[in-house]
Amino acid sequence: MASNIALRIKDYFVSYFTLSDQLLPQQQAEQAIRGDVSFRGTNIVILVLAILIASLGLNTNSTAVIIGAMLISPLMGPIIGLGLGVGIHDFQLIKVCLRNLLMASLFSVAASTVYFLISPVSEGHSELLARTSPTIYDVLIGFVGGGAGILAIASRSKGNVIPGVAIATALMPPLCTAGYGLATGQLNYFIGAFYLFLINSIYIAFATFIGVKLLGYKSADNVNTVRSRRVRRVVYVVAVLTMLPSIWLTIQMLRENNFRMRASEFVAHECVWPNTQVVDETASTGTDGRTITITLIGKTLPADSLRLALTGRLKFYDLEGTSLRIVQGGTTEAVANPSAGFNDVYQIAQSTILDQQRQIDSLRAIVSASRQTDDAGAAVAPELKVIFPQVADIAIVDGVFASTARTGADTLHMALVHFSSTPSEETLLRLRQYLEARLHLPEINIINTPEIKNEPTDRTRAD
């Protein structure tokens, strides 16, 4: 009894996926596919017009226009035909589809390149930029879309599947973006967009090939089995090789998204102050590493202390090694009343802060160089005690000498040395060479000074 109920339930659900009574005979399905393979006359003109429409849509960032171009485009024909040819081992059909697809791609890229060369608008919009970074998701879209396409063609009830597949797999926009890349000299656009077109085309054809096998279509007569196996191996290798770069790009995309999410979480939890607000945050990854830029407005906070405190909190958000860049500007009043010239106040304050930061950095460099010179004598004194025992005291100083005979001044590096005994010329030469090598100075002058007496200063006496 229980087994009968289970069998009835199984049959009930299986009936929803039964295809045999809804499929066209193989001959009719093949005829429909072969009829759309040709790319001559009307088809090629329609393709060029569709490319121009898609280019206009990308140029104006209009999603509706782009969708219309994808519905007009006849590009699906040779791609589906290619999958059918591989599935039924019709090598002549494979050659025709490859030739037509190549010509269609060339005409499409050429048309879009010419359009973008003469278009007055050369800025890349979001719809255009989205076609330059394909991922594994585009592989899945092409494969699933191709599966839906072959099933719709083989079905008696077409519905709206084919137009939907044309929109989902988006064959036209990548070709337009490739033309944009050529027209503007941005090869990264061309490579990324054309790679996306290859992904869509190859995986639509691959899904068609799998669908033809699952539908049980019979092969053409007099099939060369050795050649058929070789073609299938080529198909599998091409499919895998096409997928590999998209996997790497997907990993990079996921890492970038994860970094941005953690950066946003870090700013939301750690950058909270009573009289200062975060007006902008940017998380970016470049050749020099990851950087989080935080723009603040309101009460000015001490930048060095702020950066030190925030840097110590990065490890709790898995952001070790990330550089922090803090930009401060504006006032509390500007935050309270945004309509009262908020943008102008912010821009002026930001410009002022950047100028002050440059001055601070310059002064820090001068102080650092001065400290390095002041500390040089103390750094080499222990070494000199061993290498040159006759050196009793040493000071490294920089002097600016102004000439009375000419304009300008020269900076000289000097070593003020008190010797416990009179040094020889050879000793002086060796000492100068040692100091120049040890302190990384191009030239240093050694001046023999009398004994230095450490007399107490007025402040010392007062103490």
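**Aromatic pairs in a predicted model**

Modeller: Take contacts (heavy atoms within 4.5 Å) in the protein chain between residues at least 6 apart in sequence: 73% join residues at least 24 apart. This is a predicted model, where local features need pLDDT of at least 70, side-chain atom pairs count only at pLDDT 80 or more, and totals for chains, interfaces and linings use all residues. Residues are numbered from 1 along each chain as its sequence is written, and side-chain values use heavy atoms, with hydrogens and water left out.

Colleague: How many aromatic pairs does a search of the whole structure find?

Modeller: The search finds 12. Rings of Phe, Tyr and Trp (its six-membered ring) pair if their centres lie within 6.5 Å; planes under 30 degrees apart are stacked, over 60 edge-to-face, the rest tilted.

Colleague: Why is the pair of Tyr-115 and Phe-116 called edge-to-face?

Modeller: The centres are 5.1 Å apart and the planes stand at 75°, so the pair is edge-to-face.

Colleague: What makes Tyr-115 count as buried?

Modeller: Its relative accessibility is 15%. Buried means under 20% relative accessible area, exposed over 50%, partly exposed in between (1.4 Å probe, protein chains only). So Tyr-115 counts as buried. Phe-116, at 6%, is buried too.

Colleague: And why is the pair of Tyr-203 and Phe-206 edge-to-face?

Modeller: Their centres lie 6.0 Å apart with planes at 75°, so this pair is edge-to-face. Both residues, Tyr-203 and Phe-206, are buried.

Colleague: Which residues do ring pairs link into a cluster?

Modeller: Phe-143, Tyr-203, Phe-206, Phe-209 and Tyr-236.
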